[in-house]
Amino acid sequence: MGLSYNLKLPTGDVVLFYSSFAPLYIYQALTSTALKKGGLSTGDVAALYKYKNTQFDVKVDTDSNISTTLTFTEILPSTKTIASFKVPDYNSGKLEVQYFHDHATVTATVGLNQTPGVDVTATIGTPTIAFGAEAGYDTTSGNFTKYTAGISMTKLDSCASIILGDKGDSIKASYVHYMDQQKKSAAVAEISRRFSTNENTFTVGGAYAVDHLTLIKVKLNSHGRLGALLQHEVVLKSLLTISSEFDTKALEKSPRFGLALALKP
């Protein structure tokens, strides 16, 4: 668990459903989310269909955008191929190829448009220490759009990491200490610095498992942003999530709230 968990409404990301599917089974899932920010309300409906080594995801939101993702596993040994696009934004199409090894992972993504960008990420290491890097390249301008590098060290009850990002303009160090073997309760601390503005941000947070069905997360940073999230397993593997975030230094502003329900048969 890190401090980067999104206190806004989860948007039906398919990672919610990446569990150990049996390869010969047909799997289906349906999720729905809603969010109200200020006077505007937004929402979406997402569906997932899986058969053997093929997975199809589609999501429709209140702005009439249709997002589609098609995933193929084991076309080549130890690989996964993902094609995605959004209608009516036809330039948003991407093709991603992932390669997995016991001690290394490499991912390459290419935009499916007239001016494709290329993103490459790589990770190498062991269960206790790992190094990672990513880079983005614009084929039109011939310039790098991003590059990031990091290192993490993991023990049974803790995890620490240092990340150099934003083209070397920021550095972030974080530490997580788990309170139980299931890693459902934890304390987190993070400090980050942006060199171009000489700005430092310190964040503390934690997660607490009320019981085996209910989880609470809280975080507070040095700028006064306080966020909280409550997640409850309504029925087996079906989650109800309520989240909120507000500025403790500007209490006259309305807080943000989110509500999500993920149903899994």
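**View 1. Lys237 in the loop between β16 and β17.** Lys237 lies in the loop between β16 (225-235) and β17 (238-247), where strands (E, at least two residues) and helices (H or I, at least four residues) are DSSP runs, numbered from the N terminus. Although Lys237 is not a glycine, its phi is positive, at about 65°. Most residues other than glycine have a negative phi, and most peptide bonds are trans. This is a predicted model, in which local features need pLDDT of at least 70 and side-chain atom pairs count only at pLDDT 80 or more, while totals for chains, interfaces and linings use all residues. Residues are numbered from 1 along each chain as its sequence is written, and side-chain values use heavy atoms, with hydrogens and water left out.

**View 2. Lys52 in the loop between β2 and β3.** The loop between β2 (40-51) and β3 (54-61) holds Lys52, a residue that is not a glycine and yet has a positive phi of about 55°.

**View 3. The cis peptide bond from Val87 to Pro88.** The peptide bond that runs from Val87 to Pro88 is cis, with omega near 15°. Pro88 has its place in the loop between β5 (79-87) and β6 (94-100).

View 4. Strand β7 (residues 104-111) pairs with strand β8 (residues 117-125) in the antiparallel sense over seven bridges, pairing being assigned if DSSP finds at least two bridges between two strands. Ala104 stands opposite Ile124 in β8, and a hairpin of five residues joins β7 to β8. β8 also pairs in the antiparallel sense with strand β9 (residues 129-138), here over nine bridges, and Thr121 has Glu134 in β9 as its bridge partner. The hairpin that joins β8 to β9 passes through three residues. In a regular strand the side chains alternate between the two faces of the sheet.

**View 5. The whole chain as context for the close-ups.** The secondary structure of the chain comes to zero helices and 18 strands, and buried residues make up 27% of its 265 residues. Of the contacts (heavy atoms within 4.5 Å) with a separation of 6 or more, 21% are between residues 24 or more positions apart. The accessible surface of the chain, from the Shrake-Rupley method with a 1.4 Å probe, comes to about 16,600 Å², of which 63% belongs to carbon and sulfur atoms.

Methods: Buried < 20%, exposed > 50% of the residue type's maximum accessible area, 1.4 Å probe, protein only.
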